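Subject: Structure for you to look at

Hi,

Here is the structure I promised to pass on. Please open it first, then read my notes below.

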Amino acid sequence: MDHISVALDHAQSLGAEYADIRIQKTRRETIYLVDLSLKNTSMNVEHGYGIRVMKNGAWGFAHSNIFTNDEVKKTVESAIKVADLSAKIKKGKGLTLAPERGYIDAYSTKIQIDPFTVPLSEKVDLMLEVNKTMLNYAKIKRAFFMLDLYNDDKFFASTLGSRIHSNIYYVYPMITATAVKEKDSQSRSHDDGGYAAGWEHILKMNLIDKASQIAEEAIMKLEADEPGEIRRRDLILNPNHLGLTMHESVGHPTELDRVLGWEADMAGVSFATPEKLKKYRYGSEIVNFIGDNTLSFGLATAGYDDDGVPGQKWYIIKDGILNEYGSTRDSRPFLDDGMSRGCSRATNYYDFPINRIPNLYLEPGKKKLSPQELISDTEDGIYIEGRGSFSIDQHRVNFQFGGDMFWEIKNGKKVRPLKDVLYKSNNPEFWNSCDAICDERYWQDFGVTNCGKGQPMQTARMTHGASTARFKNIRVGGSK
Amino acid sequence: MIIEFQKAAKYIEKNCSADDYSFFIYRSDEQQTRYAQNMITQNMSGVKYAVRLSVAYGNKTGMARINSLKEEDLKKMIETAQNIAKLNKPDPEYVPSAKKTKIPKTDNVSENTSKATMKDMVSVVKAVVDNAEDKKAFISGLVTKKINDFYMKTKNGFEGFDSSSEFGNSMTMADNKNKETKVERSVKDIKDYSVKKEIELLNSQFDALTTPKKIEAGKYNVILRPQAVLNFFSFLLYFFDRKTADYGISAMAGQIGKNMFGKNFTLLTKLDEKGLTAGPFSGDGVAAKNIEWIKNGVLNALTTDRSYAAKIKADPNFISNIIIRGGKATEEEMMKKVKNGLIINNFWYIRTVSNKKNEITGLTRDGISYFENGKVKHSVNNLRFNQIIHEATKNILLLGKEENMSSNVKVPTMLIKDFNFADTTTF
């Protein structure tokens, strides 16, 4: 605690209007099993602190991994020097911060079994059994299993008086089977993304059964037909697939920093500009998107963000209308005098916090509806499971997505598997074409752990969720 | 070599009791000044460390990584790696750590860049912001300076050290209407970075843009400027693994020695290429060498790590730098070579569509112009391409002069016929 008061006092004595320190220890155990060969069994630890100061309307940030009072002071001085230089190039009064107060609090992910205490042999045994299951199929030429176990132990303190401790965990298993024949290779994955929980989540997943299923489906794809020419038909998308679609076409366009042009040089900007707030029809009336950094298993849930703002729940799209952005303390004042939505997150101690997508999900439909009923109600369409190729323009308008498993639907029935399916759509066509969403019984989450954004690039994590939904009259077909 | 590296290395060697080990120590001194909408929005400074130890007992392996050189942390790292290996299952593809190897001499660090301060970086931002304001435009980007030191040693005698430097600026200038364009470049030596020249290039791209006219999807002749060439062909490297090819998973399967690419396409690694850096060794302990991966359309080699190289009794290799050979054609000559076409400044959000077909997708970005009868006519809306990479190389008609795009990449402008744009966009 001594380092904290040294940092904050020193920053204020040097003229900082605001300062915070984030002490962060990140542990990450990763195991890669390719076929039956352990390519990487590693434990990574990164421990250090980042000090951020605001002075004369400009940020300065410096970091170190040396925990002495002298080094903390040097790091503060470096941050102040950087802020002084930054202040030479600003517009008007420069940056300001949305109002906030200090908090003294603690937050921990609810876990039953600490994944770092599970014996390595138990983890590797499970992985070997899964890969052996996939390789038992003659046409499966590659089996891949990645296990990613993560813990972030963080202490945040600011000159507002905040003293916040968070201890975050997630677990993330991902398996892929690749089937090969002479003129084709096709992969199928089981990938629900990460989940904020302990090892108990892995135990519930029944990965051996999943391994058989994806191996069989990879082989099925090998023999499947391509969808033919692009033409308009209905799409039914499962929750896992929709996780990525909403991430790219709703999550990123509603980050306030992108709206303000702060990401223009790399990730891009947003079509969802402020004059559209409360007016723009983003989706049909049944489309409701919620930002929710209070979701207990959510990967963006940490109690507070890296500005010291509490986790919140709010409508981003309400009854199809653009309602509000995800914001940070430094971005919100450029919009209005409201408070931040608590979306400021840094990946590592040496990263500067930036505006990230919150946990973001599509509300389930209000009427009882199952995926099977939705398929039965569809005359001419394609059902897509899982994630595949994805690409969207830098304004987040026009996109092309693939998937991981495809079924042709004719007259209410899944008639045959397909492969190499792509659909092309845009905002606002896509979300306005949504005419049915299954009910809450079918709602599933999908955790993203590698959302790349920023310069230098940071990878953030967040959870998405949806029930299976239908989109009418979308262009879908092969790659040409 | 840096004294603190030597001290940490000695400690690891003295205290690691595994049958075999390899480790690296990495230090990166970084400054990053980020700007957007004509002001600085982030500004960062600091030194990062990484130490990674890989150990083996027989063919049971373990790895640990930390970000500290303190002995107490190194001790924990050694214990962790060793415990993982002892508890692990055997790896049937395990190969012992690299042996003593002759490492080529490279010149990857510049004293000028080492001496650059944040003040120098802010002066670059000031120049580009002043220019943007003159243009009544908005500029966003990132100025970076990095000094990296990397040391690697194995129990079997491999030892290598490399220092490298990089200074770069990436900037996007836009107005509130339809104009948006980008220039980015990084260099080893800051004296080779001319903010004046980069602003001139940015302004020429910006001034060339007009209100875009609608254009439909289809096959077009394209002049790909170097940034577009770099981003497009970078994806080729995703399919460049020998093992994946031999397993029949990628399009490279069975293609070594064959004319898989067009005769105008040559991709190589050359350690003494003027103005380029080259990593002298890989993290696997493979010494860098000159390799013509693709020569005049013939695929000669694919990347092969030590483990797979041992299995197929081949020499291991890796990509130390990337050069795509160019020619002498100017953009004017390219525009005259075909009746009409598109000039592409950049591509964006490129992703794989099919590994087996070598097919990728992506969008144009940062300005796209239509030319006809040797002259630029007007800007057009952005387009999405779905294109098989090696098919595009068979359609290369002319190559321009090579340009250094980053400290270890050099590519030319290309004229390619019948580039496949599968969709139009709304802007």
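Keep in mind that this is a predicted model.

I began with chain B. Chain B has ten helices and 17 strands. Along the principal axes, the C-alpha trace of chain B spans about 70 × 55 × 35 Å. Of the 427 residues in chain B, 55% are buried.

Next, look at contacts in chain B between residues at least 6 apart in sequence. Of these, 72% join residues at least 24 apart.

Now chain A. The domain assignment gives domain 1 (2-223) and domain 2 (231-477). Their centres, taken over C-alpha atoms, are 21 Å apart.

How many residues of domain 1 of chain A are in contact with domain 2 of chain A? There are 43, and they meet 37 residues of domain 2.

Several elements of chain A each supply at least two residues to that side of domain 1. Among them are β1 (18-34), β2 (37-55), β5 (140-158) and α5 (207-223). β6(A) gives the most, with five residues. You will find β6 of chain A at 163-181.

By class, the side of domain 1 of chain A that touches domain 2 has 18 nonpolar, 13 polar and twelve charged residues.

Best wishes

Methods
Residues numbered from 1 in each chain as written. Chains lettered and ligands numbered in written order. Predicted model: local features only at pLDDT ≥ 70, side-chain atom pairs only at ≥ 80, totals over all residues. Helix = DSSP H or I, 4+ residues; strand = E, 2+ residues; numbered from the N terminus. Buried ≥ 20, exposed ≤ 12 C-beta atoms within 10 Å, placed from the backbone. Contact = placed C-beta atoms within 7 Å. Domains from an automatic or database assignment. Nonpolar A, V, L, I, M, F, W, Y, C, P; charged D, E, K, R; others polar.
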